[in-house]
Amino acid sequence: MPMHELTPGDAAAAREMIEWALTRLADRRAVLPPATTAETLPALTARGIGAEAALRLLVDVVFPTAIPPDHPRFLAFIPGAPTVVAAIADMALSPAMIFGGSRIEAGAAVDAEDAALRWLADAAGFPASAQGTFVSGGSIATLSALVAARGERYAAARRQVIVAGASAHSSMAAAARIMGCDLCAAPPADDHGRLSGATLATALRDRDPEDVVAVVATAGATNNGAVDDLAGVAEVCAARGIWLHVDGAYGGAALLSPRTRPLFDGIERADSFIVNPHKWLYAPFDCAAVVYRDGARARQALTQEADYLDAISDGAVGNPSDLAIHLTRRPRGLPLWASVLAYGTAAYTEAVDHCLDIAEYAAARILASPDLELALEPALTVILVRRLGWKSKDYEAWCRDALRSGLAMVMPTKHLGETMLRFCFINPLTTPDDVDLVLDGLG
Ligand SMILES: Cc1ncc(COP(=O)(O)O)c(C=O)c1O
């Protein structure tokens, strides 16, 4: 079939695309603002438009309409900023065509992913029995961990509950809905909505631990960066025999910095944790790690069984397919592994420290400004800022204009019902000059 044969025309188009990719990686400042209108996309036809035209259309028409989160002044949501090696390795994954679900098929690819998972498990102080896998995102990673936590209790007669702090990510509510459980929000321990040992004990006071699927602690809240009191929460969970899951989708990267590592004390007692390398660990989308203290227990809950799968089942250590809600998977942890292999773990610590520095710089500048106010004590690299005299519509208008002019991608958020601006710094390419530009633009 012609579409599976590489013609000289296809090869030339592919080389052009690789050139485009390298140019883009070399200048990530060049991408704001996006093209606001897309040309009408051509219709899908019986004969097609040819490889060259199709690939060129991606580069010329489709890609420029997106707002890439790796621009140094993309400060909305939780951005992403893949390293060069991670981006290029990811680009090669599709033609390499590796089935990452089983050890038999994937060969050394799974060993490499395991090495990256071990690096993360070591950062959290997890034991040698720990096992994990990479999935598409934090939502699936947490859902997988909670299904593992529930184990055989899916057949329980009484309604089950997941307990989380007030600042838990929306994926907890989604997981509870999907699992047919209730989500119980523990009372906030402070203005950040942190979960503490004491507030967790209050939430659990009248509950039978058997009815509690898991407690979810957040290590880096999306909206305000806060890390829950993991040590206090772990103590309460251990005393009641309840599974503790830690959501470090964003904040888990800060395990790597000695400056922030103490905030995570207690994570080593968790039963599972997640961290999204596609956020602050510089892998491309989509890559989230889920790590279990006891891999065998997770596999028991998650392994799919079928006659045709017996041949690839690996009883001793299990396959990546057995550790989350998935079967077919690309080995999406490979780009992370290749990147850590290439640059070294110290480069990751330095990058995290750079972002902590930039967040501190931004906070200091806000404190020194007569027009701006920190709405909340900054946590990790999230900053909530109030512009004196502004109402919701002013923030919205400023954000729209900032994007239109190419100044920045910033989005308003709410804290305790009040609209304000939120900055999240995870990009090592962000400089103090970038912060100055954005803050001066608010004056
Ligand atoms: C703290 C936290 N947990 C979970 C998630 C969900 O991750 P994903 O969007 O990859 O599903 C996010 C994503 O923003 C997050 O910030």
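Student: Which residues touch the most other members of the largest nonpolar core?

Tutor: They are Ile162, Ala214, Val215 and Leu244, in a core of 127 residues. Domain 2 (91-343) and domain 3 (345-440) both contribute residues, so this core lies between them. Before we go on, please note that this is a predicted model, in which local features need pLDDT of at least 70 and side-chain atom pairs count only at pLDDT 80 or more, while totals for chains, interfaces and linings use all residues. Residues are numbered from 1 along each chain as its sequence is written.

Student: What makes a set of residues a nonpolar core?

Tutor: The members must be buried Ala, Val, Leu, Ile, Met, Phe, Trp, Tyr or Cys residues, joined through C-beta atoms within 7 Å. In soluble globular proteins, nonpolar side chains tend to be buried together.

Student: What does Ile162 touch?

Tutor: Leaving out residues up to four places away in sequence, Ile162 touches Leu146, Met172, Ala175, Ala176, Cys181, Leu183, Val213, Ala214 and Val216. Two residues are in contact if their C-beta atoms, placed from the backbone, lie within 7 Å.

Student: Why is Leu380 called buried?

Tutor: A residue is buried if 20 or more other C-beta atoms lie within 10 Å of its own, exposed if 12 or fewer, and partly exposed in between, with C-beta atoms placed from the backbone. Leu380 has 27 C-beta neighbours inside 10 Å, so it counts as buried. Its place is the loop between strand 8 (372-374) and strand 9 (382-387). Phi of Leu380 is near 45 degrees, a positive value in a residue other than glycine.

Student: And Leu416, is that one buried or exposed?

Tutor: Leu416 is exposed, because 9 other C-beta atoms lie within 10 Å. Leu416 also has a positive phi, near 50 degrees, and is not a glycine. You will find Leu416 in the loop between strand 10 (411-415) and strand 11 (418-424).

Student: What makes Glu350 partly exposed?

Tutor: Glu350 has 14 other C-beta atoms within 10 Å, so it falls in the partly exposed class. Glu350 sits in helix 13 (residues 345-368).

Student: How do you know that Ala123 is buried?

Tutor: Ala123 counts as buried because it has 24 C-beta neighbours inside 10 Å. Ala123 belongs to helix 5 (residues 108-124), and it touches Leu255 and Leu256, not counting residues up to four places away in sequence.

Student: Why are some stretches called helices and others strands?

Tutor: Both are DSSP runs, numbered from the N terminus: helices are H or I runs of at least four residues, and strands are E runs of at least two. The protein has 15 helices and 11 strands.

Student: What makes the protein as compact as a globular protein of its length?

Tutor: The globule rule is 2.2 Å times the number of residues to the power 0.38, and the radius of gyration is taken over C-alpha atoms. For 443 residues the rule gives 22 Å, and the radius of gyration is 23 Å, close to that value, so the protein is as compact as a globular protein of that length. Of those 443 residues, 46% count as buried.

Student: Which residues of helix 9 are buried, and what covers them?

Tutor: In helix 9 (residues 230-240), the buried residues are Leu230, Gly232, Val233, Ala234, Val236 and Cys237. Their cover includes helix 8 (197-204), strand 4 (212-218) and strand 5 (244-247). Just after helix 9, Gly241 takes a positive phi of about 70 degrees.

Student: Where are the domains?

Tutor: The domain assignment, which is automatic or from a database, gives domain 1 (2-66), domain 2 (91-343) and domain 3 (345-440). The centres of domain 1 and domain 2, taken over C-alpha atoms, are separated by 36 Å.
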